[in-house]
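Have a look first, then we'll go question by question.

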Amino acid sequence: MNTHATLRNAINADFAPASLPDRAATYALDAARSIGRLALRRVKRTADVVNSEYNLSHWQRMLSAKAWTTAASVGDFLIPKNPELGLRKVDNRICRIAADDYYRYRAKALGELLARHAGGAKEIVELGAGYGYNLLALHLNHPDWTLRGFDIAPNGVAAGREIAAHYGLSDRISFDRIDLTDGNDPSYAAIRDKVVFTYFCIEQIPYDVRKVVDNIIAARPKRVINIEPTTELLDLSNPRDIVSFLYIRSVDYQTQLFSTLNDYERQGRVRILARERMPFAPTIHNDGFLYCWEPT
Ligand SMILES: C[S@@+](CC[C@H](N)C(=O)[O-])C[C@H]1O[C@@H](n2cnc3c(N)ncnc32)[C@H](O)[C@@H]1O
């Protein structure tokens, strides 16, 4: 499969915006689910909950299924055929599109987004990388970049290493363990002077946001790109943002990262270079916001 040609075709495809009744029905259902979760099974997102959702569930299943062993290329592994239609955010519009079309578009869009904010760096670190979905997608678009992923979940790290080895990419994409809440974690040394990003990782650490930002600043990276969902920047006069607000509260994601960074900018501890809202998301709720910043 010619992955690059396929990605180019997909991003040029015309994704039509979903109709108003389609959006209204989907928003109502999503909001009802979140309200149900808030009423019936409110989650407190502790480290144990995160370990059980990611390390012991998602990443353990990945590691057992070994889907990469039956996918001919990294592109086939990341974007398997999946015609399931859903409402997704594409180029800032809510569209009803197939899952595989979305993920093909997303790989390209993520590559462009990070290239725009990385300041020309070709060595990029992801904190909270899981098994490396984002790093593999970045490799498709920037095969000359060297990528390092860190995560607290041993099963994510093990899966990432197996995938990279399977596709002969271990020299380009590597994985190690880190606990971002532990300022003494030896892996923090690896981010010194590097361009680092997080993608829906700090969302999982709602009770230690300030500590994690302090730890990252103390490790002296060159630049940080945080791409995370939040309630802080939502516009609650917009129905879709109300849906996101309910979702984020119902799963207890972080709500302080961007106000913390704004505080730190006022205190002269960081310089914020960019504030954006992500133009893509796989569902109608919970699209990320991006802050790109440097320690001063
Ligand atoms: C929602 S997943 C996102 C994974 C990846 N960024 C992606 O987009 O595919 C959140 C990840 O954050 C990791 N994580 C949670 N708490 C962490 C911590 N204290 N230190 C490092 N990673 C952590 C989880 O193990 C999980 O892999």
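This is a predicted model: local features need pLDDT of at least 70, side-chain atom pairs count only at pLDDT 80 or more; totals for chains, interfaces and linings use all residues.

Q: At 1.5 Å a residue, what should helix H7 (residues 154–166) span, and how far apart are its end C-alpha atoms?
A: The expected span is 1.5 Å times one less than the number of residues. H7 has 13 residues, so it should span 18 Å. That agrees with its end C-alpha atoms, which are 18 Å apart.

Q: Which residues of H7 are buried?
A: Buried means under 20% relative accessible area with a 1.4 Å probe, protein chains only. What covers the buried residues of H7 includes helix H3 (47–65), helix H4 (74–78), H6, strand E4 (146–151) and strand E5 (173–177); helices are DSSP runs (H or I) of at least four residues and strands (E) of at least two, numbered from the N terminus. The buried ones are Asn-155, Gly-156, Val-157, Ala-159, Gly-160, Ile-163 and Ala-164.

Q: Which residue with a positive phi follows H7?
A: Its phi is near 65°. The residue is Gly-168.

Q: Is H2 roughly parallel or roughly perpendicular to H9?
A: Helix H2 (residues 20–40) and helix H9 (residues 239–251) pack with their axes 8 Å apart, at an angle of about 25°. Under 35 degrees counts as roughly parallel, 65 to 115 as roughly perpendicular. So H2 is roughly parallel to H9.

Q: How does H5 lie relative to H6?
A: The axes of helix H5 (residues 99–117) and helix H6 (residues 133–141) cross at roughly 80° and come within 9 Å. That makes H5, relative to H6, roughly perpendicular.

Q: How many nonpolar residues are in the contact of H5 with H6?
A: On the H5 side, Tyr-103 and Leu-110 are among those in contact (heavy atoms within 4.5 Å), and on the H6 side Tyr-133 and Leu-138 are among them. Three residues of the contact are polar and two charged. The nonpolar count is seven.

Q: Is the crossing of H8 and H10 left-handed or right-handed?
A: Helix H8 (residues 209–218) and helix H10 (residues 257–266) have axes that come within 10 Å and cross at roughly 50°. The crossing is right-handed.

Notes:
Residues are numbered from 1 along each chain as its sequence is written. Side-chain values use heavy atoms; hydrogens and water are left out. Axes are lines fitted to C-alpha atoms, for helices over the stretch in contact, and angles run from 0 to 180 degrees between N-to-C directions. Angles under 35 degrees count as roughly parallel, over 145 as roughly antiparallel, 65 to 115 as roughly perpendicular and the rest as oblique. Ala, Val, Leu, Ile, Met, Phe, Trp, Tyr, Cys and Pro count as nonpolar, Asp, Glu, Lys and Arg as charged, and the others, Gly among them, as polar. Buried means under 20% relative accessible area, exposed over 50%, partly exposed in between (1.4 Å probe, protein chains only). A crossing is left-handed if the near helix is turned anticlockwise from the far one by less than a right angle, and right-handed if clockwise.
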